[in-house]
Amino acid sequence: MNIQGYKKHIQTQIQGWATGEPITTDTVAASLSDAFGIDMENARKITNVNMKRLLVEGELDRIQKGVYTKVKVTLFGRFTPSADEIITGLLLREGDNTIGYIAGPTLLNAIGLCSWMPKERHITSNGFRRRIPKSASIRVYKPVIAVTNENAKYLQAIEAFNIMERYPVDADNPDEILREMLRKNYIINEKLIWYARKHYGQKALLRTIDIALGGIEK
């Protein structure tokens, strides 16, 4: 068994993560399995042993079972990002793949439709079944379809259109703010309307058409 080689590989993998990014034992174990040709069961055992050792040594902090983050050393001591930040990263991305998006009142605040800040972060994610630590103020929703790099911005836009009736909006010109969001994200109206027709109800479709096409000069 190449114990030192395993340890060095895991340490190298962890060094590649930025402070604040979630580090999952499954991701590290998969990399170890690929690098050394060992089965995932043994790779997980080796990974768990080494991650726990780095935890004891103060290099990592444990957010929840199977999820760690790097500890940042500053002039004022050692700093660990909040559970909210780490779990948000897990719910929004998986490697290079988008698996979720900011939703609900969190989204309305982010795009300038409301000035008030919700107590919880609202996220729609493929990881909606993930267990959320009690210390994290996050609410997760199941997407209408699996979120991908391709469709995330379209689903999020339709979300913004259709939650305005459920939460107070205090912007002066909300429809124009939404249209500006479409322009900034290079959203194609025809594709946006297709997603609304395919995966949402009639009311959502009409609202989408009204926003997407309402700003086009006749």
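This note describes selected strands, helices and residues of the structure above, point by point.

1. Basis of the note. The model is predicted, with local features requiring pLDDT of at least 70 and side-chain atom pairs counting only at pLDDT 80 or more, while totals for chains, interfaces and linings use all residues. Residues are numbered from 1 along each chain as its sequence is written, and side-chain values use heavy atoms, with hydrogens and water left out.

2. The sheet of S8, S9 and S10. Helices (H or I, at least four residues) and strands (E, at least two) are DSSP runs, numbered from the N terminus. Three strands form an open sheet in the order S8-S9-S10, with mixed pairing; two strands pair if DSSP finds at least two bridges between them. Strand S8 (100-102) and strand S10 (138-141) are the edge strands, each pairing on one side only. On average, neighbouring strands of this sheet are turned by 25 degrees against each other, direction ignored. Strand S9 (residues 121-125) pairs with S8 in the antiparallel sense over 3 bridges, and Ser125 in S9 is the bridge partner of Gly100.

3. Helices on this sheet. Helix H4 (residues 83-92) packs on the sheet and touches S8, S9 and S10, its direction making about 25 degrees with that of S9. Helix H6 (residues 152-163) also packs on the sheet, touching S8 and S9, and its direction makes about 40 degrees with that of S8. Contact means heavy atoms within 4.5 Å. Axes are lines fitted to C-alpha atoms, for helices over the stretch in contact, and angles run from 0 to 180 degrees between N-to-C directions.

4. The pairing of S1, S2 and S3. Strand S3 (residues 67-70) pairs with strand S1 (residues 23-24) in the antiparallel sense over 2 bridges, with Tyr68 in S3 as the bridge partner of Ile23. Strand S2 (residues 60-64) and S3 are also antiparallel, over 4 bridges, and Asp61 stands opposite Thr69 in S3. The hairpin of S2 and S3 has 2 residues between the strands, and Gly66 there takes a positive phi near 80 degrees. From S3, Val67 and Thr69 point one way, whereas Tyr68 and Lys70 point the other way; all are buried (under 20% relative accessible area, with exposed over 50% and partly exposed in between, using a 1.4 Å probe and protein chains only).

5. The crossing of H2 and H3. The axes of helix H2 (residues 25-36) and H3 come within 8 Å and cross at roughly 120 degrees. The two helices H2 and H3 are therefore oblique to each other; angles under 35 degrees count as roughly parallel, over 145 as roughly antiparallel, 65 to 115 as roughly perpendicular and the rest as oblique. Residues of H2 including Val28, Ala29 and Leu32 meet residues of H3, among them Ala43, Ile46 and Met51. The residues of this contact divide into 8 nonpolar, 4 polar and 2 charged (Ala, Val, Leu, Ile, Met, Phe, Trp, Tyr, Cys and Pro count as nonpolar, Asp, Glu, Lys and Arg as charged, and the others, Gly among them, as polar).

6. Two residues of H3. Ile46 lies in helix H3 (residues 40-56) and counts as buried at 12% relative accessibility. Leaving aside neighbours within four places in sequence, Ile46 is in contact with Tyr6, Ile10, Leu32 and Ile38. Leu54 also lies in helix H3 and is buried, with a relative accessible area of 9%. Not counting residues up to four places away in sequence, Leu54 touches Gln11, Ile14, Glu59 and Leu60.
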